[in-house]
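Dear colleague,

I am passing on the structure we spoke about, together with a written account of what turned up when it was examined. Please look through the sequence and the model first, and then read the notes that follow.

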Amino acid sequence: MRPIGTATRGTTNPNRLRRMDRWIAAVHGPALRRAEDPVAVDLGYGAAPWTAVELLARLRTAEPRTRVVGIEISPERVEAARPYEREGLAFLHGGFEIPLPQRPVLIRAANVLRQYDEGEVAAVWRRLCERLAPEGLLVEGTCDEIGRRHVWVALGPEGPRTVTFATRLGSLGRPSDLAERLPKALIHRNVPGEPVHAFLRDFDRAWAAAAPYASLGARQRWIAAVRALAADWPLRDGERRWRQGEVTVAWEALRPGG
C-alpha cells in the first residue's frame, strides 16, 4: 500500500518537542500504564530521528514498557534513522494509514499538518483517530524551531477534546504571541468573530491586568492571568500545569465557526 500523505520539509531540532512530550507523559501516562501493549507513534519525525528518541525516553518515565515507532513517508529518512533503533524504538515507512498491526495508544503528529490545506485537516484527523486504541490519544500541533512556543489539539477516538497553549514564559511578550503557532485547524481562524480570536483577546487582557505580578516573575503573572481567564473560559487543567507555562481549553469553546 502506498503511504498516505506528502513529505514535509522535515526540519527538526533536539528538544524541540519537550513541552508537548512533558504534557503527554503527565496527562496520558495513566492510559499508557493501563495498556496491555503501550505503543506510541511519532508520525512525520522529519529528516533526523531526535524527536522519536526523546519521546521514548520521556514516555518511559510514565510507563517503562512503552514502545515508540517513528513513521516517515520518506524512505530515505527511515533508512537514515535505522542506526538509532534499539529496544523499544523502531522506524517504519508509512503515512496517515499508520502501518502497524496494533492500534497505538498515542499518535503524535507535530509540525506535520501545518504544511497541508485547512480543508484537509478534518479528514486526516478522522483517519488517524480511527487507528487509535480505545483509550488512545492523537496530539496534533505546531511549535517554533527551538520549542519555546507550542499549540496543540488533543483528540480521542471520538474526535477533538482540548487545545493546549504552552510557552517558555521568559520569552513571552503577551499570550497572543502564541497565535503564530496555532495548528492548521485554527491558524486562519484568528480573526474577529471566531472563538479562538476571542480567547486570545481575553487572554491578552487578563495578562495586562496581571502586570503587577510581573515583579514576582513571569510564572506568577501567567498563573494570575490564567486564573482570571478561567472565569469565562472552560479550562481543563489546574495550577500544576499552569506553573509549567501551559493552559488547556475545551475544544468546543474554540471550535471554528461557520
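**Trp222 and its surroundings**

The side chain of Trp222 comes within 3.3 Å of the backbone oxygen of Trp242. Please keep in mind throughout that this is a predicted model. Trp222 belongs to helix α7, which covers residues 218–229, and with a relative accessibility of 0% it counts as buried, because the cut-off for that class is under 20%. Leaving aside residues up to four places away in sequence, Trp222 is in contact with Phe165, Thr167, Leu169, Leu172, Leu178, Phe203, Trp207, Trp242, Gly245, Glu246 and Val247. One of these contacts, Leu169, is 53 residues from Trp222 in sequence, yet the two C-alpha atoms are 7.8 Å apart in space. Trp222 also takes part in a cluster of rings, in which ring pairs link it with Phe165, Phe199, Phe203, Trp207 and Trp233.

**Aromatic pairs**

The structure contains 10 aromatic pairs. One of them is formed by Trp50 and Tyr84, whose rings are arranged edge-to-face, with 5.5 Å from centre to centre and 90° between the planes. This pair links distant parts of the chain, since Trp50 sits in helix α2 while Tyr84 sits in the loop between α3 (75–81) and β3 (89–93), 34 residues apart.

Phe96 lies in the loop between β3 and β4 (106–110) and Tyr116 in the loop between β4 and α4 (121–130), so the pair ties together parts that are 20 residues apart in sequence. Here the two residues are buried, Phe96 with a relative accessible area of 6% and Tyr116 at 9% relative accessibility.

Helix α2 is largely enclosed by the rest of the structure, because 7 of its 10 residues are buried. The buried residues are Thr51, Ala52, Glu54, Leu55, Leu56, Arg58 and Leu59, and they pack against α1 (18–34), β1 (39–43), β2, β3 and β4.

Glu63 is located in the loop between α2 (50–59) and β2 (67–72). Is Glu63 buried or exposed? With 8% relative accessibility, Glu63 counts as buried. Its side chain reaches the backbone nitrogen of Arg65 at 2.8 Å, and, not counting residues up to four places away in sequence, Glu63 touches Leu32, Arg33 and Pro38.

**Loop residues and backbone angles**

Pro157 lies in the loop between β6 (149–156) and β7 (159–167), where it counts as partly exposed at 35% relative accessibility. Pro157 touches Cys129, Leu132, Ala133, Pro134 and Gly136, again not counting residues up to four places away in sequence. The C-alpha atoms of Pro157 and Trp125 are 9.6 Å apart in space, while the two residues are 32 apart in sequence.

Asn15 is in the segment before α1 and is partly exposed, with 35% relative accessibility. Asn111 is in the loop between β4 and α4 and is buried, with a relative accessible area of 15%.

With best wishes

Notes. Residues are numbered from 1 along each chain as its sequence is written. This is a predicted model: local features need pLDDT of at least 70, side-chain atom pairs count only at pLDDT 80 or more; totals for chains, interfaces and linings use all residues. Side-chain values use heavy atoms; hydrogens and water are left out. Helices (H or I, at least four residues) and strands (E, at least two) are DSSP runs, numbered from the N terminus. Buried means under 20% relative accessible area, exposed over 50%, partly exposed in between (1.4 Å probe, protein chains only). A polar contact is a pair of N or O atoms within 3.5 Å; within protein, one must be able to donate a hydrogen and the other to accept it, and residues adjacent in sequence count only if both atoms are side-chain atoms. Contact means heavy atoms within 4.5 Å. Rings of Phe, Tyr and Trp (its six-membered ring) pair if their centres lie within 6.5 Å; planes under 30 degrees apart count as stacked, over 60 as edge-to-face and the rest as tilted.
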